[in-house]
Amino acid sequence: MEQRIVICAPAGQDAVLAQRVFKSVGLESVVCADAPKMVLEMQRGVSVLLLVEEAVSGHAMTALVGYVASQPTWSDLPILLLTRSGADSLDVQRAVKQLGNVTLLERPVRTIALIAAARAAIRARKRQYLVRSADQRKDEFLATLAHELRNPLAPIRTAMGILAHEHPDSARVTQVCSVVNRQVTHLTHLVDDLLDVARITSGKVVLKKESISLKAVIHHAVEISASAVEARRHTLDVEEPDDDYPLHADHARLVQCVGNLLVNASKFTPAGGRLRLHAVVDASTVIFRVQDNGIGLTQESLNRIFDLFAQAPAVGEASTGLGIGLSLARQFAEMHGGTLIAESDGLGSGSTFTLTLPVVMEANVKPPVRAPLPLRAEVQRSGRKVLVVDDNVDAADTLDALLGMDGFEVKTVYDGIAAVSAAALHQPDVVVMDIGMPGMNGYDAAQRIRQGSGGQAMVLIALTGWGQTADKQRASHAGFDHHLVKPVDYSRLLACLQTKHPGA
């Protein structure tokens, strides 16, 4: 943090006297005679801004309001404003309203009062930087946690695929595989929700709005909530318009909103209960209502149910979940210009969540067709050579076994250096490679493989626990054709295995 005070006093002796006072107690300051220089100095670094009343008018005020508005979410620049004695002017009132973190000091101000105000402002500014640093460490921790959790989930899911492949006619094996896969899916969603919290609080979530289908949103939301509904033997009634409608929205985030509401309803409805998803279109607005006959909500819970990490357990029951699904759903709704509200007549009366979004496009625009992924992609397997690279031996070996059962010719190595050598020696058609490996990571290994003999014709697939936007961009720059996040759906991997590199 730049520990200095920027002083803007266009006329008089205020700036000179203030700088002299600050220097006497070891506080660094710089004096600016006009608004352009003030903004330039603040961009170079500022802990506190000291202004005189005469400076908060005209172009200076416009520049200040623009600077304050452009601050990152963690920043709230402390401003000390020296005012004339007597009634507050309109300029001072406007400054207090528009600049936010303003402390008024009436002139003539006592020296000790000015020093105390400046030191208090500097301490407050330091705390802002500490909060920013803590948020950065939290985001880094969550990203690392997601990676570390996804790594063991990958071989668990793959092992279940092997078991199902070996015993396709065993009802008991099918049941066990279904249980494990449901729990792996649940853990994966928890990891994704944690990462979304980090992205939203750091302002890194950007909606990817496009023309999407209302029926596709409903279908996929029901699909991602199916494991929760089935596990508790609920009945889910879905009511939707007969006609499809095009929506201008982020498909993944909208599905997440509706899916989270269904999962939440299932979580707080006793086994064997009934859930209802009702979607209607009114002009340019689509309304989703998720109703349940579960435990209901008290008025106190209704007031805080959308707060981050808030939970509303039933009386005498322990809290469940992380308390982030509903918070994410409301924030994504608001990012679409919509609302999400909860209603309940009290404990034992069930709940209704209403998601209202002004995203319906004109009626003459046809909704796009979004086909679901096939359960098993048709891939040319026989003789197709695959190199699997992962320092997690269990993940590499289980994927090797599953691909081998599906007719691929598989070679497995466990680090980036070995991957480069194996690619040159065996000339695989496809390389499926982890990223976070010791010694040589997946990015560097991919670049080396691309530069080596035959590397331009190979399909490179990143299969990794690192799944943020920056990770995907870096993988693309390193030469990967596809970026898949652990634990991957096997059908998606098979679909990627049948693609060809543009240079082939």
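**Figure 1. Aromatic pairs of the predicted model.** The structure holds two aromatic pairs, a pair being rings of Phe, Tyr or Trp (its six-membered ring) whose centres lie within 6.5 Å; planes under 30 degrees apart count as stacked, over 60 as edge-to-face and the rest as tilted. Trp74 and Tyr129 form an edge-to-face pair, with 4.8 Å from centre to centre and 65 degrees between the planes. This pair links distant parts of the chain, 55 residues apart: Trp74 belongs to the loop between α3 (58-69) and β4 (79-83), and Tyr129 to helix α5 (residues 111-166). Helices (H or I, at least four residues) and strands (E, at least two) are DSSP runs, numbered from the N terminus. The model is predicted: local features need pLDDT of at least 70, side-chain atom pairs count only at pLDDT 80 or more, and totals for chains, interfaces and linings use all residues. Residues are numbered from 1 along each chain as its sequence is written, and side-chain values use heavy atoms, with hydrogens and water left out.

**Figure 2. Surroundings of Trp74.** With a relative accessible area of 21%, Trp74 is partly exposed (buried means under 20%, exposed over 50%, partly exposed in between; 1.4 Å probe, protein chains only). The charged end of Arg132 sits over the ring of Trp74, 4.7 Å from its centre; the criterion is NZ of Lys or CZ of Arg within 6 Å of the ring centre and within 35 degrees of the ring normal.

**Figure 3. Glu41 in helix α2.** Glu41 is found in helix α2 (residues 35-44) and, at 6% relative accessibility, counts as buried. The side chains of Glu41 and Arg4 are joined by a polar contact of 2.8 Å (a pair of N or O atoms within 3.5 Å; within protein, one must be able to donate a hydrogen and the other to accept it, and residues adjacent in sequence count only if both atoms are side-chain atoms). Beyond its neighbours within four places in sequence, Glu41 is in contact with Arg4, Val6, Val30 and Cys32, contact meaning heavy atoms within 4.5 Å.

**Figure 4. Five-stranded open sheet.** The strand order is β14-β13-β15-β16-β17, with parallel pairing; two strands pair if DSSP finds at least two bridges between them. β14 (409-413) and β17 (482-485) are the edge strands, each pairing on one side only. Strand β16 (residues 459-464) runs parallel to β17 and is joined to it by four bridges. Leu463 stands opposite Leu484 in β17.
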